[in-house]
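Dear colleague,

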Amino acid sequence: MKTQWIPAIVLAGAAVQQASAAELTISCGAVGAELTLCEQGVAEWEEQTGHEVEIVSTPNSSTERLSLYQQILSARSSDIDVMQIDVVWPGLLANHLLDLNEALGEAATADHFEAIVANNTVDGRLVAMPWFTDAGVLYYRKDLLEEHGHAPPQTWEQLTAIAREIQAAEREAGNDKMWGYVFQGRAYEGLTCNALEWVASHGGGTLVDAEGEITIDNPQAASALDLAATWPGEISPNGVLNYTEEEARGIFQSGNAVFMRNWPYAWSLAQSEDSQVRDKVGVIKLPHGAEGESAATLGGWNLAVSQYSENPELAADLVAFLTSEQEQKRRAIAGAYNPTITSLYADEEVLEAVPFFGTLLPTFTNAVARPSAPTGDKYGRVSNAFFNAVHNVLSGNQSGADAVAQLDSELSRLKRRRW
Ligand code: GLC
């Protein structure tokens, strides 16, 4: 793990040094079209205000980004003024971030999803403005399902069976790169998101409940993980154990997978001109287990201003611009980034560009939160313990039942030091 983080830190350090001439530095965009869209928004603000901003790009992996930010912030460095922060980080980083209610006024969040505003409010301080929300969805090849006579799956068992059958038939027909299902299987935050969906949709809870009680050691959770462990090497490439969002998208978008779990951003790229699957893709809610209901992990990113910024007011103004309705609409249409402003889900241009923002609205509004609120500043460790345990099961090193029992004791040890 450590060896992966060091190069990222060195890399960002170099980028920050180059950036010192500008008045503000923002770190944004890594996955998919995020960076391009952020550059365009920042350029617009520069034009309107005459100020100069430098953009620092960060590692793709949310886990690596967190480690990088923690280093920068704990050194009280003023190198980065505005940071893109994950929906699970406010509790971890709050002490280093400016109260945006003070900088922007209480009305700044009036039109945004209340749950996200609440998530970003720590001890009464608004530590980040909502930028976009996220929820896991299932992408499938409409053409292949139709050709092979299948309706889209509603359960994980159905997904597994359909994936297996179509993969075999396509390979038989000479399409030897075809896989059934791609997802995020690397040991990082993205696996926490995928595995929470498997567990919750089998009726196995959310790892830690809203009261902070550890709930992971149960048979439904174990069987959800055991089912997922049948995928690598069968309906998913073995390499899935090292896939983040972008590796999964690469396989799906080049036409080599029947199903993919990903976030909404993959839609615009799948629909882009050079995509092999343009107009062949459907997007629906994720499957569920025998005893549960479909669950989508709540994701999303916010913009925060560092306490150590030398230009806090200017930085807050940039944040207000980038999270505004105008920008959220542009990003929704161009990149399928889910707005955090309710009215945009009824906007015709937005719905035309991303039809499932309408059909899957309940998925976005009922997404399941990772237990970052109840575990507070221990969340990073809780998630690490979870994704490592799940990775062990996916790799065939441990049964689901053993993994959840061991995870329960690991989490209990962490909890003894209080969360
Ligand atoms: C997406 C989500 C974010 C999550 C990450 C995991 O970027 O928006 O909340 O932590 O994926 O890979």
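Helix H2 (residues 34-49) packs against helix H13 (residues 312-322) at an angle of about 120°, their axes being 10 Å apart. Axes are lines fitted to C-alpha atoms, for helices over the stretch in contact, with angles from 0 to 180 degrees between N-to-C directions; helices are DSSP runs (H or I, at least four residues) numbered from the N terminus. H2 is therefore oblique to H13, since angles under 35 degrees count as roughly parallel, over 145 as roughly antiparallel, 65 to 115 as roughly perpendicular and the rest as oblique. Gly41, Val42, Glu44, Trp45, Gln48 and Thr49 of H2 touch Leu314, Asp317, Leu318, Phe321 and Leu322 of H13, contact meaning heavy atoms within 4.5 Å.

The model is predicted: local features need pLDDT of at least 70 and side-chain atom pairs pLDDT 80 or more, whereas totals for chains, interfaces and linings use all residues. Residues are numbered from 1 along each chain as its sequence is written, and side-chain values use heavy atoms, without hydrogens and water.

Helices H9 (residues 189-200) and H19 (residues 379-394) pack at about 70°, with axes 9 Å apart, and are therefore roughly perpendicular to each other. Among the residues that meet are Leu191 and Trp198 in H9 and Phe386 and Phe387 in H19.

An automatic or database assignment divides the protein chain into domain 1 (8-127 + 299-365) and domain 2 (137-297 + 369-415). Their C-alpha centres lie 27 Å apart, and 27 residues of domain 1 are in contact with 25 residues of domain 2.

Technical notes. Helices (H or I, at least four residues) and strands (E, at least two) are DSSP runs, numbered from the N terminus.
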